[in-house]
Amino acid sequence: MRVLLSTIWTNLQDSVSKQDIRGQIWDYMEAQNLADFPRPVHHRIPNFKGASRAAEHFPRLQAFKMARTVKVNPDAPQKNARFFVLNSKKTLLVPTPRLRTGLFNKITPPPGATKDILRKCATSQGVRNYSTPVGLDSRVLVDLVVVGSVAVSEKGWRIGKGEGYADLEYAMMVSMGAVSQGTPVVTVVHDCQVVDIPETLLEEHDLTVDYILTPTRVIATGCERPKPTGIVWSKISCEMMGRMPVLRSLRCREERAGKDVTLRDTRRPLPSLESGSVQGEDVPSCTVYVGNLPRDARVSELKRALSARGAAPSRLTWQGPQRRAFLHYREPAEAWQAISRLQGFCLGANTAKVALARQQGASGPAGGRAGEPHPDP
């Protein structure tokens, strides 16, 4: 098998990139019909044939036997690993899809669940039906982490599908104190996904693995390279912050702790906007929408309330008749900080709607007029 797989790399030189390795793995698995649905495997964690058999090694690991709480990624090839966690009456945590609604959910099977029901709980549908969110203040401790991979080396170097979610999930868990350098990390892959990976491709935010499970082998990598020590904020964009509320909460925590939380984005200058109207302008990412204001609210009242929350903008566009305002900050990081501080913000008897503003075209939702800003969905 190893001799056969070596043909994958005959054309790869010292300048090989992570994407080169991903492409070679995906192409090989497609050509050899080594994956089940969904196909093609490109841009995915491959649902390889033999995934269930590879996961059968999982409960035999000493790290599994000792663990009480296990985090397993939601991809299809890890379905059997999730089942073994539930069947062993351990706590199963599964990350939320693309981290849009939080970090992870706890899977709670119904009382008296049979093995068949536990297997259903381990599916993607079961994860949705039997989960409860785990908050940042839960003080959860994760004893074992399972991630998916596109490629992994026997030394423990790992390459994902290129979106960075597994690396970010681990970094978030470090930031909230859920894992430490001693927390074992396992990946479950096909034998053809175990390849040589140049260490020069690894970056500080890349997660390494301690155990590799394949249909035919258990590999203890003995990896001594330090795992990520937290979120590298300089790698995080304002767009990512907008998609992941949990990331914004963690950033505020670390900022209060005095850490450098400077984001990747450079400062964007604000356009010149006339007070009372922002129609026809491109609303920048450092503008915050505040809606559902009381009909009789005054701009002075809103300014005082914003100052009390520590969210005073550099400039404010007031649209009282529409019961809304737009808060303009000097840079995106300030806007996200304001959004965090204005969660649950009330003016009078009204709970305000607070979100990043964006330009809304004429055919956009909510019947907005062309060029009118709306909260970013």
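**Notes on the model**

Reply: Lys89 counts as exposed, at 76% relative accessibility. Exposed means over 50% relative accessible area, buried under 20%, and partly exposed in between (1.4 Å probe, protein chains only).

Me: Before I go on, what kind of model is this?

Reply: This is a predicted model: local features need pLDDT of at least 70, side-chain atom pairs count only at pLDDT 80 or more, and totals for chains, interfaces and linings use all residues. Residues are numbered from 1 along each chain as its sequence is written, and side-chain values use heavy atoms, with hydrogens and water left out.

Me: Back to Lys89. Where is it?

Reply: Lys89 sits in the loop between H5 and S2. Helices (H or I, at least four residues) and strands (E, at least two) are DSSP runs numbered from the N terminus. Lys89 also has a positive phi of about 60°, although it is not a glycine.

Me: Which way do most residues go on phi?

Reply: Most residues other than glycine have a negative phi. Asn292 is another non-glycine with a positive phi of about 60°. Asn292 lies in the loop between strand S11 (287-291) and helix H11 (299-308), and it is partly exposed, at 29% relative accessibility.

Me: What about the peptide bonds, where are the cis ones?

Reply: The bond from Phe37 to Pro38 is cis, with omega near 5°, and the bond from Arg39 to Pro40 is cis, with omega near -5°. Pro38 belongs to the loop between helix H2 (18-31) and helix H3 (51-55). Pro40 is in the loop between H2 and H3 too.

Me: New topic. How many helices and strands are there in the chain?

Reply: The protein chain has 12 helices and 17 strands. Of its 377 residues, 51% count as buried.

Me: How are the strands arranged in the open sheet?

Reply: 8 strands form it, in the order S4-S3-S2-S1-S5-S8-S9-S10, with mixed pairing. Two strands pair if DSSP finds at least two bridges between them. Strand S4 (131-134) and strand S10 (218-220) are at the edges with a single partner strand each, so one side of each has no neighbour in the sheet.

Me: Pick a strand inside that order. What does S8 pair with?

Reply: Strand S5 (residues 144-147) pairs with S8 in the parallel sense over 3 bridges, and 3 bridges join S8 to S9, also parallel. Thr187 of S8 stands opposite Val147, and its bridge partner in S9 is Ile212.

Me: Which way do the side chains of S8 point?

Reply: Val185 and Thr187 point one way, Val186 and Val188 the other way, and all are buried. In a regular strand the side chains alternate between the two faces of the sheet.

Me: And S9 with S10, parallel or antiparallel?

Reply: Antiparallel: strand S9 (residues 211-213) and S10 pair over 3 bridges. Leu213 stands opposite Val218 in S10.

Me: Last one. How do H10 and H12 cross?

Reply: The axes of helix H10 (residues 245-256) and helix H12 (residues 332-341) come within 10 Å and cross at roughly 100°. That makes H10 roughly perpendicular to H12. The axes are lines fitted to C-alpha atoms over the stretch in contact, with angles from 0 to 180 degrees between N-to-C directions; 65 to 115 counts as roughly perpendicular, under 35 as roughly parallel, over 145 as roughly antiparallel and the rest as oblique.

Me: Which residues meet there?

Reply: Arg248, Arg251, Cys252 and Glu255 in H10 meet Ala333, Trp336, Gln337, Ile339 and Ser340 in H12. H12 is mostly covered as well, with 7 of its 10 residues buried; Trp336 is among them.

How values were computed: Contact = heavy atoms within 4.5 Å.
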